[in-house]
Amino acid sequence: MRRRLRVLWRRRAQPEAAAQMRMMRRRIATVAGAILLGIVALIFAEVADSAHDLFLSLAGSWPWLPVVLTPAIFAAVVYATRRWAEEAAGSGIPQVIAAGRTSDKALANRMLSVVTAGKKLVLTVAMLLGGGSVGREGPTVQVSAAIMVWIHRLLRVPITAGVLIAGGAAGVAAAFNTPLAGVAFAIEELAAAYEQRIAVLVMGAVMIAGLVSLGIAGDYVYFGEMGGTLPLHVVLMAAPVAGVVGGALGGLFSRVVLRFSRTTTGVFGLSHRRPVLFAAACGLIVAVIGIATGGSTWGTGYATTRELVEGGDASLWFGPAKLLTTLATMLSGAPGGIFAPSLAVGAGIGNFLKELFPNDSAGAIILLGMAAYFVGVIRAPFTAVIILSETTASRGMILPMFATALIAEAVSALVCRERLYSALARGFLAKSEPPVELKH
């Protein structure tokens, strides 16, 4: 009888021990992946900023050098991307979305491999070295998801959609130093179905990546502090104006990008028929506009955006010029994100709108413009408001920004029915089998 009980106990204990071991490996993989991606994100940020500073230094010494250098780099990067790094093209966020939806494991592995991640980093830095209007946040999302997948595979932990979502969300947190925005981005943009198990995984990865960023880079506010607020009667006027203008322009940006990505004939098809030549032309546009604006439209636009948020001034041409350079860079097909450039365009829109409200906080109006245009492009109002509240320490503006973001989302949907990242993800999925939903 004792022997039988002992055998039964062992049979019951073995599955429980195996389950505990699997859970332990999963937790170790999440912690290790979040730490590693946090470090990589910070190194990437430092190298990217150095590349942009070097370009500005060269342009300062030889003012007309960008006319030659920028088109050449655009063309070289697009050639290299199409020949050796097709899965590294564009923002990087559509690849993470596509990898979570496809049943083609080979395609998902290519999009989120460490090799692709390495190419993404190098090519994005090259674009900043050429003055491209790109951000590092989208590439950080793809690279972070690739790191999380690699660590899980190394520790023989099953790869689920939750792993990709956790990696991408942690990448946003590390890039902006905004833990809450990482969670919001996971809910709104990366997760098709949000479950409690994914919530714990995401929040754990975001928290660890945020702590790594905080420990190495310190407790900084990305766009500087904005302490101003707006009275209710101004909000009731400014929020609808900013929401309509920013939402319409953001929706138009997305519509043009999607039109170019799908059309193979006529003017819209040039990027498919002559991709390298088209990229060089886009680079020339970026170079000329940058020279005309004193270099403010090159790179992420971070310096001008921060100056506006903190109550400074900039040319009224900054917003339209930054929109054109970001559009040209995006259409070129080169790797690079649009988060920071879109926020910069939004700041330029706010710079226009503050002229309508001269007696109110300029920084607060700038934030409404940033929220409106950013939501118009990516259609994620919750993420936009959280990012801006965390990057500017403007908690008093949360409700006005929410009102603006909701209006912008509705207006953007009228201009462009499809969400930009999801629509671009379908382009990657078209290379594979029909998409299926992953079970979490």
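Ile43 sits in helix α1, residues 2–61 (helices being DSSP runs of H or I, at least four residues, numbered from the N terminus). Together with Val31, Ile35, Ile39 and Val47, Ile43 makes a nonpolar surface patch of about 380 Å². Patch members have over 30% relative accessible area and no salt bridge, with nonpolar side chains joined within 5 Å; areas are Shrake-Rupley values with a 1.4 Å probe. The model is predicted, so local features need pLDDT of at least 70 and side-chain atom pairs pLDDT 80 or more, while totals for chains, interfaces and linings use all residues. Numbering runs from 1 along each chain, and side-chain values use heavy atoms, leaving out hydrogens and water.

As for charge pairing, the structure holds 6 salt bridges (a Lys or Arg side-chain nitrogen within 4 Å of an Asp or Glu carboxyl oxygen). One of them joins Glu87 and Arg110, with the closest N and O atoms 3.3 Å apart. Glu87 is in the loop between α2 (65–84) and α3 (93–101) and Arg110 in helix α4 (residues 105–111), so this pair ties together parts 23 residues apart in sequence.

Note on methods: Patch = residues over 30% accessible without salt bridge, like charges linked within 9 Å, V, L, I, M, F, W, Y side chains within 5 Å. Helix = DSSP H or I, 4+ residues; strand = E, 2+ residues; numbered from the N terminus.
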